[in-house]
Amino acid sequence: IKAIGAGRLPNRAVAVTFDDGYYDNFEEAYPILRAAGVPATVFVVSAHVDSGREFWWDELERVLLVPAQVPARLQFSLNGRDYAWPTGMLDERAVAHRTLHGLISQQDTQQRTELLDKLAAWSRVPPEGRSTYRAMRSDEMIELVSEGLVDIGGHTVNHPALSRLDPTDQRVEIVEGCRRLEQILGRRIEVFAYPYGRAVDWNSASAKIVREAGLQGAVTTIPGYVEAGADPYRLQRWAVGDWNRDQFARELESFFVLRETAQ
């Protein structure tokens, strides 16, 4: 971010980032980063640190798609509207999952939790989340940053779509999320990632609050390159898919080819 402001971006530079703060960022990614000497930033949802609970999208998958069998029909009411799906077959559950994913993403934290608890009771799955899907614990996060290779950034308290909150609630999510991480790490949080990160998921009020909170910059999930002089509170990123090493190498090279062709 300092290089952006100075207008001196390194040629063909790549910044590596991870969103949410999953345990595997510490267990799987960190040893690889350390062996290669590659710095990275992990944006952490503060309420999930030490919670042991899965992120809502993983929990939805666990209660609806993972079980070998669930009740043959799902129905409930949400915000005054009734919903119902057949769920006897896996492809039927996949249809319900797509709709529910969109619905849940737009709810506040309490509504999300209540709805997921109802779904878990309906599917009769155990309440405990999968250990491989949890967020990092405090001690793991402290160890992650101990050598100075990996930095931690803010990612709100509860991972809401900020644009659906009024500025007061946005400020709580942004500022309190960073404050909690600072208390754990004993160091200042300087960068931020907007949850979900699409243009519809945050707004000018979000960027203003991030700036006023003293953070040096914020990243989105809007695809694109970062050029010298870019707005540090609206930085674009390229998403990495579920690729193997060879595909990742091809995709990475194609990003540079596309950029050089465009120039």
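Biologist: Hi! Which residues of helix 6 are buried?
Modeller: In this predicted model, the buried residues in helix 6 are S138, E140, M141, L144 and V145.

Biologist: And where do they sit around the axis of helix 6?
Modeller: They span an arc of only 165 degrees around the axis, so they lie on the same side of helix 6.

Biologist: Nice. What do those buried residues pack against?
Modeller: Their partners are helix 2 (23-36), strand 2 (40-44), strand 5 (150-154) and helix 7.

Biologist: Let's stay with helix 7. At what angle do helix 6 and helix 7 pack?
Modeller: Helix 6 covers residues 138-145 and helix 7 covers residues 167-185; they pack at about 75 degrees, and their axes are 9 Å apart. Angles of 65 to 115 degrees count as roughly perpendicular, and therefore helix 6 and helix 7 are roughly perpendicular to each other.

Biologist: Which residues meet there?
Modeller: From helix 6 you have S138, M141, I142 and V145, and they meet R180, L181, I184 and L185 of helix 7.

Biologist: New topic: Q75. Where is Q75 found?
Modeller: Look in strand 3, residues 73-78.

Biologist: Is Q75 buried or exposed?
Modeller: Q75 counts as exposed, because its relative accessibility is 56% and the cut-off for exposed is over 50%.

Biologist: What is Q75 in contact with, leaving aside neighbours within four places in sequence?
Modeller: Y83 and A84. There is also a polar contact of 3.3 Å between the side chains of Q75 and R73.

Biologist: How many residues apart in sequence are Q75 and W122?
Modeller: They are 47 residues apart in sequence, while their C-alpha atoms are 9.6 Å apart in space.

Definitions and conventions
Residues are numbered from 1 along each chain as its sequence is written. This is a predicted model: local features need pLDDT of at least 70, side-chain atom pairs count only at pLDDT 80 or more; totals for chains, interfaces and linings use all residues. Side-chain values use heavy atoms; hydrogens and water are left out. Axes are lines fitted to C-alpha atoms, for helices over the stretch in contact, and angles run from 0 to 180 degrees between N-to-C directions. Helices (H or I, at least four residues) and strands (E, at least two) are DSSP runs, numbered from the N terminus. Angles under 35 degrees count as roughly parallel, over 145 as roughly antiparallel, 65 to 115 as roughly perpendicular and the rest as oblique. Contact means heavy atoms within 4.5 Å. Buried means under 20% relative accessible area, exposed over 50%, partly exposed in between (1.4 Å probe, protein chains only). The arc is that of the directions from the helix axis to the C-beta atoms. A polar contact is a pair of N or O atoms within 3.5 Å; within protein, one must be able to donate a hydrogen and the other to accept it, and residues adjacent in sequence count only if both atoms are side-chain atoms.
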